[in-house]
Structures are given as structure tokens and as C-alpha cells.
Amino acid sequence: MLKIKDFIKNIPYLPFLYGIFPVLFLFTHNISELKYEMLWLPLFTIIFIILVITLILSIFIKDYHKSGLILSLFFLLFLSYGNFKELLSGGWLADMGIIKDKYLYPLGILFFGLASYFIMKSGDLKAVYGFFKTAGCVLIVYSLASIGFSAYSNRQKDTVFLNNVSQMETGQNQNLPDIYYIIPDTYARADVLKELYDYDNSGFIDFLKGKGFSVLSDSKSNYQNTMISIPTTLNMDYLDNLLPETIKEDDFKNMVQNSRVQQFLKERGYKIIYFDSGYGITSYNKYADIKFNPSYINDFSRQIIETSLLKYFVVKRNLFGFSIKNEERKRILYSVEKLKEIPEMEVGGPKFVFLHINSPHTPFLFDRNGGEVDVDWDSVTSSEEYNNLWLDQLIFISGQLSSAVEEILAKSKTEPIIVIQSDHGLEVMMHGLPDEFFQSDAFTRARIKNFSAFYLPGNKKKILPNNLTNVNTFRFIFKNYFNADLNLLEDKIYRYFDYSLLKHRSDLKNMKQVPKSLF
Ligand SMILES: [Zn+2]
């Protein structure tokens with residue numbers, strides 16, 4: 001009995017503090033895009049792993065101060081690798097070109113080995129252990145307090161965008177069409193593909209037209225970043241009219257997950273079917289009626305893996321058949337297959353289906369025939385190779401979309417509305433490019449030309465403007481199919497903008513409008 005008591009007393013608790021802290025740290029730094037439920041699985045997994053390793057190690061190292069310090073160091077380095085790398089990448093070491101995985105891995109192992117050696121050789125480390133225990137507790141308490149504070153301040157935020165909607169007039173409720181809104185991220189317009197990539201996309205476009213789609217040859221996105229383009233489309237207005245006085249990253253997420261479009265349709269009996277894109281603002285949506293997440297990986301687990309040395313095992317290679325790239329491939333293929341089942345799903349009302357496919361955007365996952373690609377976008381150094389990888393992925397996604405469209409149309413009892421619309425066009429190799437590049441006319445002209453294709457029942461397609469911009473997508477649909485008192489807004493196009501600079505609504509004045517002469 002006494003032995004067990006001694007054993008429990010001698011378990012080093014320190015590693016738990018330094019294993020949990022990196023997870024909480026990552027969570028607090030991305031809190032605006034995450035859900036609290038996402039914390040449990042990684043947290044319990046890590047606690048379990050620490051428990052097992054700690055118990056095993058305590059058999060071999062009797063001094064729990066020493067084993068505790070060694071394990072804490074191990075977990076801190078292992079789980080926070082990405083943070084350390086980022087921290088170092090600003091300094092002189094980066095100038096020497098040392099901040100690369102191939103140098104940092106052996107350096108890290110050497111550092112850990114030496115530190116462990118000195119810990120083992122030292123005398124009594126009770127005081128050192130005590131210091132790190134206090135520091136660890138402070139870090140944990142601080143993280144928990146940040147999470148708690150954020151949870152509290154977000155409580156009232158959910159309703160920020162609940163306005164304007166209820167005043168809209170309700171149209172006929174019978175036989176409402178299912179609405180599919182599909183966003184293939186960075187899918188470029190046909191003329192850009194022809195001009196910059198010498199690629200003729202008429203195969204896909206003719207297929208869509210043959211099915212009855214209108215493919216706009218002059219469509220444009222109002223904003224050139226995912227993070228602000230999707231929210232404005234889903235709220236049918238420009239940022240000036242949407243954002244609160246003080247802007248938090250949360251606002252963009254809330255604008256997507258509790259959008260005016262979604263509220264408008266919910267009020268008319270629609271059920272919201274939402275695909276977890278695995279990325280930022282279009283990941284998990286608590287307001288949806290039916291949520292699909294085809295992967296074990298949610299936005300947060302992916303970030304933990306990419307920040308930690310787990311990355312080494314599962315991003316580039318497989319660990320027991322598991323890899324991030326496989327999960328992302330699975331996500332896209334699953335989403336497309338699931339789309340085909342939706343027309344026959346009984347959900348107790350018409351459906352609004354939202355699918356943001358993070359492709360042809362990076363990561364590079366597929367070649368043009370759907371074969372696996374394992375090239376990391378940030379390791380590509382030639383612009384030509386990068387463009388080819390992106391184009392291949394675009395071609396594959398086009399085929400996937402064609403097969404989904406084919407089945408949705410064949411299986412839908414009431415003719416649906418289907419919109420395939422990218423949040424902006426064109427992806428280029430961005431790393432290493434100066435800010436001026438993104439502000440240049442050449443980049444802007446190509447980036448704003450997004451892909452927009454509409455399947456519209458009845459004869460409304462005749463009045464669909466060929467130069468529609470994203471902000472008017474749902475204005476057009478709601479006005480024409482729901483009799484909503486909504487007119488199309490004046491088309492305004494803005495240049496690429498680092499949205500993280502938006503702290504107050506007045507910062508929007510720094511976002512430059514593209515002159516009409518440019519488009
Ligand atoms: Zn995007």
C-alpha cells in the first residue's frame with residue numbers, strides 16, 4: 001500500500017504541464033477560427049501519451065525531478081517545434097540559412113541529448129523542478145484565462161449580423177429549389193487560363209453549358225482573399241456595411257457561419273447542409289443542421305500536427321497509413337461523392353448546401369487524373385512548376401465538379417439552383433514575393449477574374465448579368481426566386497489586402513479599389 005502511494009507521489013507531473021501548454025497555446029492563438037469541442041480529442045490524446053511514457057520512464061529513472069525535466073523538455077520541443085522555428089526565423093540564424101527542417105531536426109536532437117545528459121549528471125534538481133513547475137502552472141492558468149475570456153466576450157457576438165433579413169418579403173414556399181453553393185478556391189476564369197497558362201478550359205465550360213448552366217465570361221470577385229471574399233458573398237454586402245467598429249478575426253468566421261444568406265433561407269424552412277472544409281472560416285459550423293466532416297482531422301488537430309514534430313511523420317510520409325495529405329484528398333473526394341447523395345436525402349425541408357473546396361488552391365494533392373501528388377507547395381522553387389501543379393489540380397477538380405453536377409441534376413426532383421463560384425481567381429507562387437507584387441495591376445487583373453457558373457431553373461438565366469460580381473450572387477437569386485426586396489449593388493472591386501491589418505472599420509480605407517479602367 002505504501003509502495004503504491006510512493007509510486008504515485010513520485011510520478012513527475014511536470015510533463016503534463018509542458019505537454020498540455022503547447023496545445024492550449026496554439027488554441028488561444030487561433031481561437032477565433034476554432035470551436036471548444038476541438039480541444040478535447042488532442043488534449044486527451046496527449047495526456048494519455050504522456051501518462052504512458054511517464055509511467056514507463058519512472059521505472060528506469062528513479063529521480064522523478066530528473067525524469068520530469070527531461071520529459072517536459074521533450075514534449076515542449078516536440079509539440080512546439082513550429083513555434084520555435086517561427087521564433088528563430090526572424091533572427092540572424094535565418095540570414096545564415098539555418099532555419100530549415102533539415103538542419104533544425106539534428107540540432108534539436110543534439111540540444112535535447114545534451115540537455116538530458118546534463119540533467120542526469122547534475123545533483124539534486126528539486127529547486128529547478130520547482131521553478132519549472134511554477135512557470136508551467138502560470139502558463140496553463142494564463143492560457144485557460146485567455147480561452148475563458150474569449151468565450152465570454154464571444155457570447156454576445158453571435159447575433160451581430162442578425163439584421164436586415166426579417167424585413168425581406170417572403171415569396172411562395174411551395175416547391176422551393178435546393179440551392180448548392182460550391183466554392184472551388186482560386187479557380188480562375190477561362191480567359192485567364194488561356195492567357196497565362198495557355199490552357200483551354202472549354203471542355204469543362206461546354207459541359208456545364210450543355211447541362212443548362214450559364215458560365216459568366218466577365219465575372220469578378222469583389223475581394224481577393226478567401227477570408228474576406230466568402231463572408232461578403234454570403235452577406236450580400238461590402239465590408240463597410242458589415243463589419244463592426246472594432247474588428248476581430250471572429251467577425252469573419254461569424255459572417256460565414258451565421259450569414260445573412262443562411263438566415264434568410266432558414267426563415268424560409270431551408271435546412272443547412274455544411275461541409276467542413278478543414279480550413280479557417282469555413283471549417284466547423286455550429287449553425288448548420290447537417291454537418292459533414294469526412295476527416296478525423298479538424299482545423300485544430302491539423303494545426304497541432306503542423307506545429308509539432310508529428311509533422312515529420314504524417315505530412316510528408318505515412319504513419320500507419322495516416323497522412324495529412326491523404327486526409328485532405330479524402331476530404332475532397334468524399335465531399336464530391338456526398339454531393340451526389342444530397343438530392344435524395346430527406347431532411348425535412350429544402351436544402352442549402354455549402355461546400356468550400358480548398359482546391360485548386362494549395363496544398364497540391366492531385367495530378368490532372370486524380371493521381372496523388374506529394375509536392376509541398378512551399379518547397380516548390382520554380383514558378384513554372386508551381387503553375388503546372390496548380391493547373392493540374394484545377395483540371396482534376398473540374399472533372400469532379402462535372403460528375404457531381406451530372407448526378408445532382410439527374411436526381412433532383414425539383415430543379416435545383418447550383419452556383420459554382422470561386423472566391424477569387426488565380427493562385428501564383430506567393431512565397432518570397434514582395435507586397436508590391438500583390439498590388440500590381442497585372443496580378444490584380446488576373447486575380448479578380450473568378451469563375452462563376454449558375455444553374456438557374458426557369459427563364460431567369462436570361463436576365464443574369466454576365467458581369468456579375470460575387471456580392472450580388474445571392475441578391476440575384478433571392479430577388480428572382482424569393483421575391484426579396486433586394487437590388488443588385490454597384491460593382492466595386494478591391495485589390496488584394498492583408499485582412500489581418502483590419503482592426504477598425506476605418507482601416508478599410510487602406511484597401512484600394514480597382515479603377516473601372518482595369519476591368
Ligand atoms: Zn481563396
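In which loop does Pro360 lie? Pro360 lies in the loop between strand S5 (351-357) and helix H18 (383-411), where helices (H or I, at least four residues) and strands (E, at least two) are DSSP runs numbered from the N terminus. The model is predicted, and local features need pLDDT of at least 70, side-chain atom pairs count only at pLDDT 80 or more, and totals for chains, interfaces and linings use all residues. Residues are numbered from 1 along each chain as its sequence is written.

The peptide bond that leads from Ser359 into Pro360 is cis, with omega near 10 degrees. The loop between S5 and H18 also holds Pro363, and the bond from Thr362 to Pro363 is likewise cis, with omega near 10 degrees. Most peptide bonds are trans, and most residues other than glycine have a negative phi.

Asp198, which is not a glycine, has a positive phi of about 50 degrees and sits in the loop between helix H9 (190-197) and helix H10 (202-210). Asp198 has 8 other C-beta atoms within 10 Å and is therefore exposed; a residue is buried if 20 or more other C-beta atoms, placed from the backbone, lie within 10 Å of its own, exposed if 12 or fewer, and partly exposed in between. Asn483, in the segment after helix H21 (473-481), has a positive phi near 60 degrees, and its 13 C-beta neighbours inside 10 Å make it count as partly exposed.

For the protein chain as a whole, there are 21 helices and 7 strands. The radius of gyration, taken over C-alpha atoms, is 26 Å, close to the 24 Å that the globule rule (2.2 Å times the number of residues to the power 0.38) gives for 519 residues, so the chain is as compact as a globular protein of that length. Of these 519 residues, 38% count as buried.

Among the helices, H2 (residues 14-29) and H15 (residues 299-307) pack at an angle of about 120 degrees, with their axes 10 Å apart; axes are lines fitted to C-alpha atoms, for helices over the stretch in contact, and angles run from 0 to 180 degrees between N-to-C directions. H2 and H15 are therefore oblique to each other, since angles under 35 degrees count as roughly parallel, over 145 as roughly antiparallel, 65 to 115 as roughly perpendicular and the rest as oblique. Val23, Leu26 and Phe27 of H2 meet Phe300, Gln303, Ile304 and Thr307 of H15, contact meaning that C-beta atoms, placed from the backbone, lie within 7 Å.

Technical notes. Contact = placed C-beta atoms within 7 Å.
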